[in-house]
Amino acid sequence: MTRTRIEGLLAAFPKLMNTGKQHTFVETESVRYVYQPMEKLYMVLITTKNSNILEDLETLRLFSRVIPEYCRALEENEISEHCFDLIFAFDEIVALGYRENVNLAQIRTFTEMDSHEEKVFRAVRETQEREAKAEMRRKAKELQQARRDAERQGKKAPGFGGFGSSTVSGGSTAAMITETIIETDKPKVAPAPARPSGPSKALKLGAKGKEVDNFVDKLKSEGETIMSSNIPEYCRALEENEISEHCFDLIFAFDEIVALGYRENVNLAQIRTFTEMDSHEEKVFRAVRETQEREAKAEMRRKAKELQQARRDAERQGKKAPGFGGFGSSTVSGGSTAAMITETIIETDKPKVAPAPARPSGPSKALKLGAKGKEVDNFVDKLKSEGETIMSSNVGKRTSEATKAHTPPINIESVHMKIEEKITLTCGRDGGLQNMELHGMIMLRISDDKFGRIRLHVENEDKKGVQLQTHPNVDKKLFTAESLIGLKNPEKSFPVNSDVGVLKWRLQTTEESFIPLTINCWPSESGSGCDVNIEYELQEDNLELNDVVITIPLPSGVGAPVIGEIDGEYRHDSRRNTLEWCLPVIDAKNKSGSLEFSIAGQPNDFFPVQVSFISKKNYCNIQVTKVTQVDGNSPVRFSTETTFLVDKYEIL
């Protein structure tokens, strides 16, 4: 279909459409217009008359759901601004005139995927640009140094033949080089990674194989007969030592033949291709590492030239040659320093390169890539060794509130106990507890050997019918009779510097009165969509729930909800299509609240509702009240950390 034909069909559409309907269509002699009003705009789908109109309506609905993903408002200027993003998304829906079997999440994934080749190209281009800028700056410095030397000796400043005639002064040459550096920042890069002119061999991946193939083709064209070798691919001789030497190559080749016990449909040429293929990540790593090594060598050579120039200037003026503090004391002469730098350059050529570029030894600050972070870490470790208290910074780290509540108390004694409970709960939207399961555990940690032989006094005020279970090494009779947790053999000690679970409990019920926090969600249909009313109520007055987040799913492609009344705060996540109702604290003083909002959709769109919270008080009232020594029954100072978490909390 030509462009003129498409423009003619679109120009005729406004004259044919009707108003007052949500979904409608218009048929002409040759085509069918299926369209949907979207505020002041229309989404139009032009199909043949033989097309299935039900599939066309579904395709049209998917098109209309894609637009809010990229446009904040359904206006013409917003559509024009994101036109290319919309075209790429539409291309994932329709291919060659037929609808693809995709949903909104898949479209989002396909359009956001990165290309490995693009990453390689960007990495190589950036490193080459950095090399070019560094080289130009080095040339500029050399010319400025030559100009200063010429002025000092009363001679005419030398020119630089590469940029003009030999009569150009050093100052103008430096200005020209500066302009050239600025020009390299312009995006005049070819689709393939730019390579410097000349016989450079950098990044010629796989070039050796191509040269061999070209040589063989040339021999064949000259009439030579090329015999294919009958010797196996990886071993020159069928001997044990030869097999052992190439065992890994053989294993990789065998792996291409048999997978999960079944033979793959491959031939020898395909096996050779699969085993010789490089990884894109490996190419990126090699390219970056090679360029970093070249930069390091160039920088070291530049430093050596500067030192040699400084030594020559000092000898010319009859002064002592200056040293270079980065590689030793100030008494080291320029010549010896240059020799040390040369040795360092030679050492970097040895195949002892870590994933990061090798750095010269000593306190030199040259080429210390990423050294600042290590220096800070060493400084912090030194402060810690001297007894200073170091607070870890949270800058740049997105830690959730639940994780913050997990942080241990500041004063942790030599005997520390962690009481942790996790709840899994599923309720029905019309009421009724489908399942509630709670698991709890007391973890004991002893950091001092002298408190290894102790007993824990447990106070159990639970009336919900939890099932208790002690560790196999704990004396069950002592626990049943006196609620004491101690080892069966009183002469033995608890493990030191390790968390030991000494007591755990479990509660499973379908009794509604045991629900710690009830959620009631009432969506009711209205003329323009749904009015949703959500209420919560705390049934356990002894609990204090922190960082409560009630997450309500929303229909996609309908925009943000209109909030009526709310206790607390809310967040609308347009990407995940959810509304998060956030409450910092729910306790006996704030045991109930509500949220009202309106949005287009159906009642089933707002389920399942999910709840998350954290509490420093446990649900089952089980606590450790006292810790005593086995010998003498003397009390021991201890600390306790209590956490009540949500594993899964849903209203279906």
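**Confidence.** pLDDT is the predictor's confidence in each residue, on a scale from 0 to 100. I needed that scale at the start, since this is a predicted model. The protein's average pLDDT is 75. I noted that 72% of the residues score at least 70.

Residues 323–373 have a pLDDT below 50. Beyond near neighbours in sequence, that stretch still has 52 contacts in the model. Residues 386–409 also fall below 50 in pLDDT. For residues 386–409 I noted 17 contacts beyond near neighbours in sequence.

**Helix 2 with helix 4.** How far apart are the axes of helix 2 and helix 4? They lie 10 Å apart, and the packing angle is about 150°. Helix 4 covers residues 83–93. Angles over 145 degrees count as roughly antiparallel, so helix 2 is roughly antiparallel to helix 4. I logged the crossing of helix 2 past helix 4 as right-handed.

I then listed who touches whom. Helix 2 contributes Thr59, Leu62, Phe63, Val66, Ile67 and Tyr70. Helix 4 contributes Asp85, Leu86, Ala89, Phe90 and Ile93. By class, this contact of helix 2 with helix 4 has nine nonpolar residues, one polar and one charged.

**Helix 2 with helix 5.** Helix 2 spans residues 53–70, and helix 5 spans residues 104–112. I found that their axes come within 11 Å. They cross at roughly 50°, which means that helix 2 is oblique to helix 5. Helix 2 passes helix 5 in a right-handed crossing.

Which residues of helix 2 make the contact with helix 5? They are Leu62, Arg65, Val66, Glu69 and Tyr70. From helix 5 I wrote down Leu104, Ile107, Arg108 and Thr111. The residues of this contact of helix 2 with helix 5 split into five nonpolar, one polar and three charged.

I turned to an open sheet of three strands, ordered 12-10-22. The pairing is antiparallel. Which strands are the edge strands? They are strand 12 (484–485) and strand 22 (622–629), each pairing on one side only.

Last, I looked at strand 10, residues 454–460. Two bridges join strand 10 to strand 12. There I found His457 opposite Leu484 of strand 12.

Key. Residues numbered from 1 in each chain as written. Predicted model: local features only at pLDDT ≥ 70, side-chain atom pairs only at ≥ 80, totals over all residues. Heavy atoms only, no water. Axes fitted to C-alpha atoms, helices over the stretch in contact; angles between N-to-C directions. Helix = DSSP H or I, 4+ residues; strand = E, 2+ residues; numbered from the N terminus. Parallel < 35°, antiparallel > 145°, perpendicular 65-115°, else oblique. Left-handed = near helix turned anticlockwise from the far one by under 90°. Contact = heavy atoms within 4.5 Å. Nonpolar A, V, L, I, M, F, W, Y, C, P; charged D, E, K, R; others polar. Pairing = 2+ DSSP bridges.
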